Amino acid sequence: MPTNTVARWSIYIAIAIVFAVVCAFLSHWQFDRNQERARANLLIETNYDATPVPLAERIPSGAAFDPADEWAPVLLTGEYLADDTVLARNRPLGGTSAFEVLVPFATDDGRIIVVDRGWIPPAEDSSPSAIPAPPAGTVTVTVRLRPGEMLPASGRGAPEGQVPTINLPAVADVSGVAVETSAYGLMAEESPAPAERPHALEKPTEDPGPHLSYAIQWILFAIMGFVFIFYMIRTEVRHRREDAEDAAALAEGRAPVKRQQKKRRDRDAEEEDAILSA
């Protein structure tokens, strides 16, 4: 077998191996994302509709938020610090870039928890529309615990009184209030209920997403890469064999194999046309 042929096949196989490694990495990444989504769905299923308990049972004073308590409902009693309201901007809600209304809430045990009261749409000039005021005085609020978000990797900021994400240290800086930075609460209920409130945030989806199917597809792509290389090599070997047989046939004064095969295909086609036209 010619050396250049072996070298070319080696390159084909090397490409297939590299492609398979990339596919394996992407498949592993999708399997990891599927597991993360499964864990997130389990927290929603376990905690979202649980019986609300006092905040101290989920986050004792001086302790930090436990990620296993995400979405768990807790009861807060105290007062809203309405003058220190902060807006989280560019939230994809209601088919628009909405604003989520973050209001610090001073609890009766001395802590200040950020309560996300819901979202408001932008006005025509993309500024926030009117913000419904929270109830004044002593209020009992049921919220679902969430961890804070990361700041944007791009470093983008926000206008005065707003934050680019629900990053709790950023909310503390903008509001000027020493809020709890390990978790915040998504409002579920308020008592007394106000006449008007922001749009409620919907329950998170428990759709597992396409990650498992994507992971399997990447595995199939890796297999298909080797199948394709095998097909190319097999085809080249067959053509070389046929060329060698044709050369031997010509040397012996016989018709080449390829010419015989072409005549046979042409004859079969003519017979098929005759049958169809009959």
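Buried means under 20% relative accessible area, exposed means over 50%, and partly exposed lies in between (1.4 Å probe, protein chains only). This is a predicted model, in which local features need pLDDT of at least 70 and side-chain atom pairs count only at pLDDT 80 or more, while totals for chains, interfaces and linings use all residues. Residues are numbered from 1 along each chain as its sequence is written, and side-chain values use heavy atoms, with hydrogens and water left out.

**Salt bridges**
- A search of the whole structure finds seven salt bridges, each being a side-chain nitrogen of Lys or Arg within 4 Å of a carboxyl oxygen of Asp or Glu.
- Arg-146 and Glu-70 form one of them (2.9 Å, N to O), and this pair links parts of the chain that are 76 residues apart; Glu-70 counts as buried because its relative accessibility is 15%.
- Lys-203 and Asp-49 pair at 3.7 Å, N to O, and they lie 154 residues apart; Lys-203 is partly exposed at 39%, whereas Asp-49 is exposed at 60%.
- Glu-100 and Arg-91 meet at 2.7 Å, N to O, and both are buried; salt bridges that share partners join these two and Glu-149 into one network.

**Nonpolar core**
- The largest nonpolar core has 21 residues, and Phe-105 and Val-141 are among those that touch the most other members; such a core is a set of buried Ala, Val, Leu, Ile, Met, Phe, Trp, Tyr and Cys residues joined through side-chain atoms within 4.5 Å.
- A second, separate core of 18 residues includes Val-86 and Ile-112.

How values were computed
Helix = DSSP H or I, 4+ residues; strand = E, 2+ residues; numbered from the N terminus.
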